[in-house]
Each structure stands twice: as structure tokens, then as C-alpha cells.
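Hi,

Here is the structure I said I would pass on.

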Amino acid sequence: MADTMSRTDAATTLLRTLLSAAGRAGRGIRWYITNLMGDSAYATYVAHQRRQHPEEEPLTERQFWRQRMDDQDRNPGARCC
């Protein structure tokens, strides 16, 4: 009976470990894609502005994205189009 119980505990522990690892991997992938696509760019900008330039009012989100797109259009860099 104790042997069966220890096998069950081991299986449960292994399952929890695998699920935890899968969850961490999923969060890591989500973080990577979010940053790759620029979804966190405005939040990063606001944090930088408040830290480095507290006396200046940050751009609104709309102004930020407009300026970012205009900058990319003027300086395409490594873009294909």
C-alpha cells in the first residue's frame, strides 16, 4: 500500500513539475512575442520618461505611435518594404 502511495505521489510531483515548466515556457514565449511585436513599447517609453525626464509630460499613446510610425517611414532601416 505504501509503495502504491509513493508512486502516486511521485507521478503527481512529476506532473506538477511538467505543468509548471510548461507554464513558464508559455509565459516566456508570450513575453518574447509581445516585445518583438512592440506591444510594450508605449509602457516602456512612459516608464523611461518618468524615470529620466520627470519634469516633461509624456506623449499620449496616440502621439507616441504616430511619431514611431513616422520615424519608421523616414528611416526604414532593415525593413523589406
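Gln 49 touches Pro 54, Glu 56 and Pro 58, leaving aside its neighbours within four places in sequence; contact here means heavy atoms within 4.5 Å. Gln 49 sits in helix 2 (residues 41–52) and counts as buried because its relative accessibility is 10%. The cut-offs are under 20% relative accessible area for buried, over 50% for exposed and partly exposed in between (1.4 Å probe, protein chains only).

Bear in mind that this is a predicted model, where local features need pLDDT of at least 70, side-chain atom pairs count only at pLDDT 80 or more, and totals for chains, interfaces and linings use all residues. Residues are numbered from 1 along each chain as its sequence is written, and side-chain values use heavy atoms, with hydrogens and water left out.

Overall, the chain has 3 helices and 0 strands (DSSP runs, numbered from the N terminus: H or I of at least four residues for helices, E of at least two for strands). Of its 81 residues, 10% count as buried.

There is 1 salt bridge in the structure, meaning a side-chain nitrogen of Lys or Arg within 4 Å of a carboxyl oxygen of Asp or Glu. Arg 74 makes it with Asp 71, and their closest N and O atoms are 2.3 Å apart. Both residues belong to helix 3 (residues 61–74), 3 residues apart, or about one turn of the helix. Arg 74 counts as exposed because its relative accessibility is 55%, while Asp 71, at 30%, counts as partly exposed.

Cheers
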